[in-house]
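I opened my notebook for a walk through this model, jotting down each thing as I looked it up.

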Amino acid sequence: MASASKKKKSSKNKGINLQDERIPKLLGALSLFFALYLFIAFTSYLFTWQIDQDRVLRFSWSLLAQGDIEMANWLGRLGAIVSNMFFYWGFGLPSYLFVAALALTGVLLIQKTPLLSRLSFYRNSFLVLLIASVFLEFVTRGAEFPWGGAFGNAVSIWLENFVGTLGLIFLFLFLFIGVIIWNFNPNFNDVTPQGVWEELKIWASEIMAPKKRVTVPNVPDEEIERPSKPQEEPNTLRPRKELDLELEQPEIKHDKGNQLSFELDESNNAAFKKEKPLEAGNSDLEIDETPEEGQMGDSPLPTSAPDIQAQNADHSEPYDPTLELSSYEYPHLQLLESYDELKGDTIDRSELEANKDQIIATLLNYKIEITKIRATIGPTVTLYEIIPAAGVRISRIKNLEDDIALNLAALGIRIIAPIPGRGTIGIEVPNKKSQIVPLRDMLEDEKFRRAKMDLPIALGKTIANEVFIADLAKMPHLLIAGATGQGKSVGINAVLVSLLYKKHPSQVKLVLIDPKKVELFPYSSLENHFLTFLPGADEPITTETNKVVYTLNALTIEMEQRYDLLKQAQARNIKEYNQKFVARKLNPNNGHKFLPFIVLVIDEFADLIMTAGKEIELPIGRLAQLSRAVGIHLIIATQRPSVNIITGVIKANFPARIAFKVSSKVDSRTILDTGGADQLVGRGDMLLSVGGNLIRLQCPFVDTPEVEKVIQFISEQRGFPEPMLLPEYSGDDDEMSTKSFALSELDDMFEDAARLVVQNQHGSTSMIQRRLKLGYNRAGRIMDQMEALGIVGPSEGSKPREVLIYDEMELERYLEDIRNRK
């Protein structure tokens with residue numbers, strides 16, 4: 001009977017499964033077929049419309065069945081009828097937009113990309129279809145060919161009768177100008193003929209330059225969730241399975257070689273039924289996921305400075321930092337792989353039984369009795385929680401770590417005695433078949449999608465298969481260490497991709513340092529979106545040691561400048577400062593600006609310490625101690641966790657540390673101040689030490705091709721016109737002595753640079769470099785020469801230098817005097 005019922009159930013399940021991934025692919029292929037069909041029919045109509053028009057205008061359904069009627073259209077009667085319907089009775093030549101829409105739909109369906117991710121294209125295509133149809137029919141009035149179709153003809157006649165011919169011309173002109181303003185947002189402040197001419201010359205020079213710089217639009221509020229598809233609850237969110245093994249008091253029987261025999265009470269254990277194996281699932285329990293107080297969208301804190309409030313008297317709308325990139329689209333989850341074939345759906349019940357028996361037998365061999373055992377299955381390890389009998393010392397169980405590992409024939413056995421807050425002793429045993437944790441599963445989890453953290457990062461899954469999301473802003477810095485090949489680079493990519501999925505380019509900036517030169521180079525494409533670096537740097541990713549020293553010191557200058565801004569704004573941290581700026585309580589004319597978070601990532605810290613030593617450690621120490629309040633956070637990774645690399649200063653200021661598998665207990669204690677990292681199983685198995693707690697996690701996996709897809713998706717969008725640059729920093733050997741300066745050493749481009757600076761009243765080395773197409777070192781020397789000659793003032797960090805000459809005529813007299821003195 002049981003087999004018959006199973007057959008009935010299986011027969012009922014047969015049929016069309018709407019979740020079958022083949023269905024959208026078939027629909028996509030069908031959409032591409034229709035697009036190709038319409039394209040051929042429309043193109044043929046352009047050449048054969050006069051021949052077929054008399055026949056198709058007298059259309060009836062019987063016309064399709066009449067075999068004696070021949071059409072000149074390349075696709076026969078149906079092609080002639082369909083193309084005439086779109087062109088003559090529809091929208092005319094703009095009907096080709098239907099072809100584009102069908103083609104795009106087909107590609108999106110085949111690639112399993114949500115159609116809503118291209119909603120702006122469909123909306124804009126529809127508007128262009130309507131406007132272009134009316135415009136073409138208006139300008140080609142009286143033509144035989146239906147340029148705008150019946151729709152364009154009817155609407156243009158009605159509008160012309162309603163507003164007149166001149167009014168309709170003004171309407172089209174307004175629509176044209178409106179499209180330009182909406183898409184390009186030009187700045188009309190201080191428009192002068194000379195300024196327009198200068199901008200045209202700059203625009204022309206940038207077009208002719210070998211590297212094009214793209215102009216920019218603006219982004220949606222970060223508080224508005226914009227998932228790329230309707231977020232369904234992932235299939236991985238199943239209830240957590242816990243194995244409760246209630247034991248009667250074990251009886252030791254000496255007649256069978258002192259082996260343990262016991263009776264297992266499975267009445268309370270739903271997970272240990274005989275019908276099916278135990279599955280590893282997830283828990284919907286949220287960890288450290290409380291919404292933070294005072295988020296960016298909340299009401300800002302009032303300030304006690306009356307002059308600051310007075311500056312905002314004429315402003316009522318809050319400032320939105322994302323408006324400069326309003327068309328920015330967040331990456332969609334389809335760019336990441338799900339790795340369903342590698343997850344390993346089930347865990348064998350026999351494996352759990354065997355491990356349980358071995359643990360109990362080993363303990364009983366040493367006369368240690370237990371009253372209860374429970375197993376919690378994770379992606380990499382299973383946690384067996386035991387409650388010893390009364391009078392058993394915890395230290396006796398702790399000392400049996402190696403014996404249990406020997407009996408189980410498993411690596412990575414770890415005993416937690418006791419588990420904090422549980423009243424039990426934990427024994428972590430690696431699974432024979434570990435499960436991969438795709439980063440996509442982490443990012444589509446409800447906890448990450450609805451996280452209101454400042455810098456949410458997906459760190460992995462716990463032993464209980466719970467998604468673990470942490471806030472980097474609260475850590476506030478992160479130290480990552482572990483032997484080579486154990487998952488450090490994958491962990492760094494998981495952290496960076498988490499930020500790219502959650503934050504807008506105006507809200508977070510990345511400073512990437514990669515001494516190995518090969519790990520972080522894909523992120524260089526995000527130069528105009530998420531990266532910040534030194535002015536004039538050859539590459540946005542810092543790889544040379546001397547440039548690393550400059551970058552860290554420039555970041556220290558940025559930190560000090562931010563503290564000055566916080567002091568002026570009477571704010572204690574970056575969140576309070578940005579709240580006041582968003583509420584327009586801080587005047588940009590006084591130097592105030594919206595401050596994005598800055599995340600510094602160093603991939604191989606040991607190499608930098610070995611080559612630069614104190615020059616690296618000192619600025620790192622200052623940043624680690626002071627930068628949290630101004631929104632600068634550090635992520636440092638190293639594969640050499642020795643005491644000369646991870647010094648006491650660094651450990652004291654990095655309370656959050658991640659340890660992948662290391663080779664010795666000494667290395668584990670260096671990272672975590674305790675053992676355990678030497679007993680991990682590798683391949684992303686890690687320990688997180690934060691707030692005095694030690695949490696075992698399985699790091700999410702994201703492969704390099706997935707990272708490149710996400711980066712390509714972002715880099716193909718419009719970015720900022722200029723990347724955010726760190727303040728200028730000059731070392732001792734770069735300082736120029738004005739006393740030894742000779743007029744004969746003036747650069748050949750000095751006069752052109754001086755005129756450029758005075759005309760724009762903007763003393764910036766990067767502007768000279770960009771406008772005159774010079775290298776950064778040469779532009780910097782010219783700026784130093786102008787400072788020595790009194791044309792510009794001294795450097796003020798990231799701010800432009802003060803221009804001391806205000807009139808071009810005064811500058812020409814000054815240059816003439818310099819020529820005479822040479």
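**Entry 1: the whole chain**

How many helices and strands does the chain have? I found 25 helices and 21 strands. A reminder to myself: this is a predicted model. I then looked up burial, and buried residues make up 47% of the 822 residues in the chain. Next I turned to contacts between residues at least 6 apart in sequence, where 71% join residues at least 24 apart.

**Entry 2: Asn84**

I went to Asn84, which sits in helix H3, residues 76-91. Is Asn84 buried or exposed? Its relative accessibility is 2%, so I put Asn84 down as buried. Leaving out residues up to four places away in sequence, I noted that Asn84 touches Tyr45, Val56, Leu57 and Trp89.

A note to keep in mind here: most residues other than glycine have a negative phi, and most peptide bonds are trans.

I looked at Lys367, in the loop between helix H9 (349-365) and strand E7 (370-377). Lys367 is not a glycine, yet its phi is positive, near 60°. With a relative accessibility of 53%, Lys367 counts as exposed.

Then I checked the peptide bond from Met475 to Pro476, and that bond is cis, with omega near -5°. Pro476 belongs to the loop between strand E12 (467-471) and strand E13 (478-481).

**Entry 3: H15 against H16**

I use two things to describe a pair of packed helices: the angle between their axes and the distance between the axes. For H15 and helix H16 (residues 574-582), I wrote down an angle of about 60° with the axes 10 Å apart. H15 and H16 are therefore oblique to each other, and their crossing is left-handed.

Which residues meet where H15 and H16 pack? From H15 I listed Arg562, Leu565, Leu566 and Ala569, and these meet Ile574, Tyr577 and Lys580 in H16.

I also looked at the loop between H15 and H16, where I found Gln570. Gln570 is not a glycine but has a positive phi of about 55°. At 43% relative accessibility, I logged Gln570 as partly exposed.

**Entry 4: helix H17**

Which residues are buried in helix H17? Over residues 605-612, I noted Phe605, Ala606, Leu608, Ile609 and Ala612. Looking down the axis of H17, I saw these buried residues fall within an arc of 160°, so they line one face of the helix.

I then asked what that buried set packs against. The helices on my list are H15 (545-569), H18 (614-626) and H19 (648-653). The strands are E14 (508-513), E16 (597-602) and E17 (632-638).

Glu604 caps the N-terminal end, with a side-chain oxygen 3.2 Å from the backbone nitrogen of Ala606. Just after H17 comes Gly613, which takes a positive phi of about 60°.

**Entry 5: H22 against H24**

My next pair was helix H22 (residues 750-760) and helix H24 (residues 776-788), whose axes come within 10 Å and cross at roughly 75°. That angle makes H22 roughly perpendicular to H24. On the H22 side I wrote Phe750, Ala753, Ala754 and Val757, which meet Ile782, Gln785 and Met786 in H24.

I took a second look at H22 for burial, and noted Phe750, Ala753, Ala754, Leu756, Val757 and Val758 as buried. What do the buried residues of H22 pack against? I found helix H23 (765-772), H24 and helix H25 (808-821). H22 is followed by Gln761, and the phi of Gln761 is positive, near 50°.

**Entry 6: Arg778**

I finished on Arg778, which has its place in helix H24. Arg778 is partly exposed, at a relative accessible area of 29%. Setting aside residues up to four places away in sequence, Arg778 touches Asp747, Asp748 and Met749.

Methods:
Residues numbered from 1 in each chain as written. Predicted model: local features only at pLDDT ≥ 70, side-chain atom pairs only at ≥ 80, totals over all residues. Heavy atoms only, no water. Buried < 20%, exposed > 50% of the residue type's maximum accessible area, 1.4 Å probe, protein only. Helix = DSSP H or I, 4+ residues; strand = E, 2+ residues; numbered from the N terminus. Arc of directions from axis to C-beta. Contact = heavy atoms within 4.5 Å. Polar contact = N/O pair within 3.5 Å; in protein donor to acceptor, adjacent residues only side chain to side chain. Axes fitted to C-alpha atoms, helices over the stretch in contact; angles between N-to-C directions. Parallel < 35°, antiparallel > 145°, perpendicular 65-115°, else oblique. Left-handed = near helix turned anticlockwise from the far one by under 90°.
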